[in-house]
Amino acid sequence: MQISDLIPWGRDKGKTPANDDQNSDNPLASLQRDINSVFEDFWQRVESGWNGRMNPVGMFGPSTDVSETDESVEVAVELPGMTEDDIDISLSGDAMTIRGEKKIEHEETRKGVYMSERSYGAFYRTIPLPPGVDTDKAEAKFKRGVLTVTLPKSAEAQARVKRIPVQAA
């Protein structure tokens, strides 16, 4: 085995020992092929942009931050290139679902150069909510490509928060 066999990209799949015809009936060779296939598939997805922007099945996966304070839960979702009309937010029980579809088309013609780009992607994100969130007072704002949903906690939930002072030993 060479060090290049350990690197999942740029490797010639036909040169691995597990792919030899003489090892086709060997259960360990079959296991090695399956494990190699899983890792190769993973690295192909990472290299093709599976970093939170496009997931493996072509759905847009926006970056999402969820934070909680004593008073509320705040969800911030990065949705560049979208408008508020492209976004749907629904609350049911103890979860919030944010759905949307991104459609971007750009055409440009200048001095004999023609360029046309299209980008499409649908997404949905379901975020579990803690008990005590007052869904009737939820607010959503969309500014500069960032959706911010604020879900205030009920008075009962805020009253249940107990602070414990930390003392030096």
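Two strands are taken to pair if DSSP finds at least two bridges between them. Helices (H or I, at least four residues) and strands (E, at least two) are DSSP runs, numbered from the N terminus. The structure is a predicted model, in which local features need pLDDT of at least 70 and side-chain atom pairs count only at pLDDT 80 or more, whereas totals for chains, interfaces and linings use all residues. Residues are numbered from 1 along each chain as its sequence is written, and side-chain values use heavy atoms, with hydrogens and water left out.

The protein chain contains 2 helices and 7 strands. Read from the N terminus, these elements follow the order α-β-β-β-β-β-β-β-α. Of the 169 residues of the chain, 21% count as buried; buried means under 20% relative accessible area, exposed over 50%, and partly exposed in between (1.4 Å probe, protein chains only). The accessible surface comes to about 12600 Å², and 50% of this area belongs to carbon and sulfur atoms. Accessible areas come from the Shrake-Rupley method with a 1.4 Å probe, and for residues only the protein chains shown count as cover. With a contact defined as heavy atoms within 4.5 Å, 47% of the contacts between residues at least 6 apart in sequence join residues at least 24 apart.

An open sheet is formed by 4 strands in the order 1-2-7-6, with antiparallel pairing. Its edge strands, each pairing on one side only, are strand 1 (64-68) and strand 6 (139-143). Neighbouring strands of this sheet are turned by 15° against each other on average, direction ignored; the axes are lines fitted to C-alpha atoms, for helices over the stretch in contact, and angles run from 0 to 180 degrees between N-to-C directions.

Strand 1 and strand 2 form a hairpin with 3 residues between them. These two antiparallel strands are joined by 5 bridges, and E68 has V73 in strand 2 as its bridge partner. Strand 2 (residues 72-78) is mostly covered, with 5 of its 7 residues buried. Strand 2 also pairs with strand 7 in the antiparallel sense, over 7 bridges; here V77 stands opposite L147 of strand 7. Strand 7 (residues 146-152) is in turn joined to strand 6 by 5 bridges, again antiparallel, and A140 is partnered by V149 of strand 7.

A further antiparallel pair consists of strand 3 (residues 87-92) and strand 4 (residues 95-110), joined by 6 bridges. In this pair, T97 of strand 4 is the bridge partner of S90. The hairpin of strand 3 and strand 4 has 2 residues between the strands, and G93 takes a positive phi near 60° in it.

Positive phi values also occur in residues other than glycine. K111, in the loop between strand 4 and strand 5 (113-128), has a phi near 40° and is exposed, with a relative accessible area of 87%. R144, in the loop between strand 6 and strand 7, has a phi near 50° and is likewise exposed, at a relative accessible area of 80%.

On the surface, L28, L31, I35, V38 and F39 form a nonpolar patch with about 510 Å² of accessible area together. Patches are made of residues with over 30% relative accessible area and no salt bridge, like charges being joined within 9 Å and nonpolar side chains (Val, Leu, Ile, Met, Phe, Trp, Tyr) within 5 Å. A salt bridge is a side-chain nitrogen of Lys or Arg within 4 Å of a carboxyl oxygen of Asp or Glu. V38 lies in helix 1 (residues 27-47) and counts as exposed because its relative accessibility is 56%.
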